[in-house]
Amino acid sequence: MALGVAGFLTFAASPTAVFLLMKPFFHSTRQCLLVSWVGLRGATSIVFAVMAVGRGVAMGHDLFHVVFCVCLFSMALQGSLLPKVAERLDMTDSEESLRRTFNDYQGENLLHLTRFQIGNGHPWQGKRLADCS
C-alpha cells in the first residue's frame, strides 16, 4: 500500500500540483519537472502522522507506517537521483556549482584556530577557558 501511495505521489499528484501552480507564472517545463521530482520532505509528514497516532485516529498506526514508508521511498529514490535528474534536465551550472548544491560543500572555512602559550604567573594559568574573562 505504501509503495502505491509513494508511486502515485511521485509520478502523478506531485507533477500535477507543481505544473498547475508554476505554469501560470511562466516557469519552464524543465523547472516544473525538477521541482516535482524533488519530492516530499519527511520530517513534517512524519510529525503529522505521529500526532494522528497520538490522538487515536482510526488506523493511526497504519497511517504512520504508510507515511514513514513514503518518506523513505522519497529520500531513497528521489533524493539519490536528484543530481542526475538536474543534469538530465540541464538545470545545473558548473561541476563546482553542482557539488555545492547537492553536498553541503562549503568553499570557505569560517573557523580559524589559534594557539598561544600562557606564561608562568599569568592570571589565566591553570584555568579553564570558560573561566577566563
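Phe11 counts as exposed, at 56% relative accessibility; exposed here means over 50% relative accessible area, buried under 20%, and partly exposed in between, with a 1.4 Å probe and protein chains only. Before I continue, please note that this is a predicted model, in which local features need pLDDT of at least 70 and side-chain atom pairs count only at pLDDT 80 or more, while totals for chains, interfaces and linings use all residues. Residues are numbered from 1 along each chain as its sequence is written, and side-chain values use heavy atoms, leaving out hydrogens and water.

What does the whole structure hold in the way of aromatic pairs? A search finds two. Rings of Phe, Tyr and Trp, the last by its six-membered ring, pair if their centres lie within 6.5 Å; planes under 30 degrees apart count as stacked, over 60 as edge-to-face, and the rest as tilted. Phe11 and Trp37 form a tilted pair, at 6.2 Å centre to centre and 50 degrees between the planes. Because Phe11 lies in helix H1 (residues 2-22) and Trp37 in helix H2, this pair ties together parts that are 26 residues apart in sequence. Trp37, at 14% relative accessibility, counts as buried.

The rings of Phe64 and Phe68 have centres 6.0 Å apart and planes at 20 degrees, so that pair is stacked. Phe64 and Phe68 are four residues apart in helix H4, about one helical turn. Phe64 is partly exposed at 24% relative accessibility, and Phe68 is partly exposed at 37%.

Let me turn to the core. Trp37 belongs to the largest nonpolar core, together with Leu34, Leu82, Ala86 and Leu89. Such a core is a set of buried Ala, Val, Leu, Ile, Met, Phe, Trp, Tyr and Cys residues joined through side-chain atoms within 4.5 Å. Helix H2 (29-38) and helix H4 (60-88) each give two or more residues to this core. Leaving aside residues up to four places away in sequence, Leu34 touches Leu82, Val85, Ala86, Leu89 and Met91, a contact being heavy atoms within 4.5 Å.

Finally, the chain overall. The chain has five helices and zero strands, these being DSSP runs numbered from the N terminus, with helices (H or I) of at least four residues and strands (E) of at least two. Buried residues make up 19% of its 133 residues. Of the contacts between residues at least 6 apart in sequence, 52% join residues at least 24 apart. Phe48, in helix H3 (residues 42-54), counts as exposed at 53% relative accessibility.
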